[in-house]
Amino acid sequence: MKNLSDPLPPLREVIAEYGLSAKKNLGQNFLTDLNLTGKIARSAGNLEDSVIYEVGPGPGALTRGLLENGAGRVVAVEMDQRCIQALRDVSAAYDGRLSVHEGDALKVNELNLIGDTENKDIHIVANLPYNVGTALLVKWMTGEKWKPWFKSLTLMFQKEVGERIIAEPRTKAYGRLSVLCQYRADCRILFDIPRQAFIPPPKVTSSIVQITPRKEAVNAPKQKTLEKVVSAAFNQRRKMLRASLKGLGADPISKLCAAGIKETARAEELTVEDFCRLAVEYEKK
Ligand code: SAM
């Protein structure tokens with residue numbers, strides 16, 4: 001769809017011109033409607049006074065939405081070499097406010113790519129490839145240093161992954177991802193995107209999820225300890241914690257008791273706060 005204030009050809013023409021047939025192994029499902037990508041861009045907050053880090057710009061639909069809606073600077077990492085020239089065209093049309101890097105977002109050092117931010121906030125905005133989306137989220141959410149280098153994440157995931165991120169205890173979706181994201185960030189689903197918005201349409205609906213880091217609580221456990229406890233608990237989610245935590249070494253019953261949790265409880269019954277208290281107990285000798 002042509003957008004009046006965007007100076008470039010419609011996305012379908014860009015995709016045809018550069019022969020960007022979607023590659024499954026790169027999780028490619030491209031958006032083409034700049035009204036929709038503009039809506040996603042605006043949901044990320046104040047774009048003008050920010051640096052935006054985008055993973056997987058592809059032919060540039062979301063990138064153009066960001067730039068058209070005033071993003072001061074966009075730094076993008078794309079793994080598919082075929083998209084790079086199309087993205088250079090976007091950069092030229094938007095006065096060089098976009099810098100494009102060819103590479104694997106799982107491996108890059110983001111701050112090195114972004115360079116000097118001139119004291120501006122960094123926001124991550126991306127329509128993530130479904131095959132590495134969760135791994136990228138875990139990369140960003142598991143840093144020891146908190147608050148992290150980004151102010152917010154506005155990310156598109158398969159709806160089912162979005163539901164796992166925001167899930168509450170005693171639900172099927174509640175698990176490791178819910179606890180790791182919620183214990184030091186506010187997480188919400190902003191809106192859904194139907195399959196038909198993409199070329200080619202994926203099998204399932206997508207959701208835009210926003211994650212905003214909070215200051216860590218004074219008595220929060222170390223990220224690594226929490227991760228160990230949560231992984232052990234959910235790896236055998238049907239077992240009682242007194243059994244599933246055995247692999248962690250210390251006597252699970254005394255740790256559970258010290259944290260005020262019933263030894264017969266199962267992982268999905270614990271709140272995020274319960275997990276934090278339990279992890280703190282595991283940090284004690
Ligand atoms: N942002 C575009 C859009 O909304 O139409 C494309 C989104 S598509 C779901 C995911 C994009 O991520 C593809 O362009 C793909 O080539 C790229 N990609 C896949 N794996 C990647 C990785 N490890 N690092 C960087 N980009 C990757």
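A backbone N or O atom of Gly56 lies 2.8 Å from a nitrogen atom of the ligand in this predicted model. Such a polar contact is a pair of N or O atoms within 3.5 Å. The side chain of Asp104 places an N or O atom 2.8 Å from a nitrogen atom of the ligand. For Asn127, a polar side-chain atom lies 2.8 Å from an oxygen atom of the ligand. Taken alone, the ligand exposes 600 Å², and the protein buries 98% of that (Shrake-Rupley method, 1.4 Å probe).

The model is predicted: local features need pLDDT of at least 70, side-chain atom pairs count only at pLDDT 80 or more, and totals for chains, interfaces and linings use all residues. Residues are numbered from 1 along each chain as its sequence is written, and side-chain values use heavy atoms, with hydrogens and water left out.

There are 20 residues around the ligand (a heavy atom within 4 Å). Among them, Leu31, Gly56, Glu78, Asp104 and Asn127 come nearest. Strands β1 (30–31) and β3 (73–78) each supply at least two residues of this shell (DSSP runs of E, at least two residues).

The ligand sits in the largest pocket (more than half of its atoms within 2 Å of the grid points). A pocket is an open set of points on a 1 Å grid over the protein atoms alone, where a 1.4 Å probe fits, with protein on both sides within 12 Å along at least five of seven lines; lining residues have an atom within 4 Å of a point. The lining of the largest pocket holds 46 residues. Gly27, Gln28, Asn29, Pro129 and Tyr130 lie nearest the centre of this pocket.

Conventions:
A polar contact is a pair of N or O atoms within 3.5 Å; within protein, one must be able to donate a hydrogen and the other to accept it, and residues adjacent in sequence count only if both atoms are side-chain atoms. Helices (H or I, at least four residues) and strands (E, at least two) are DSSP runs, numbered from the N terminus.
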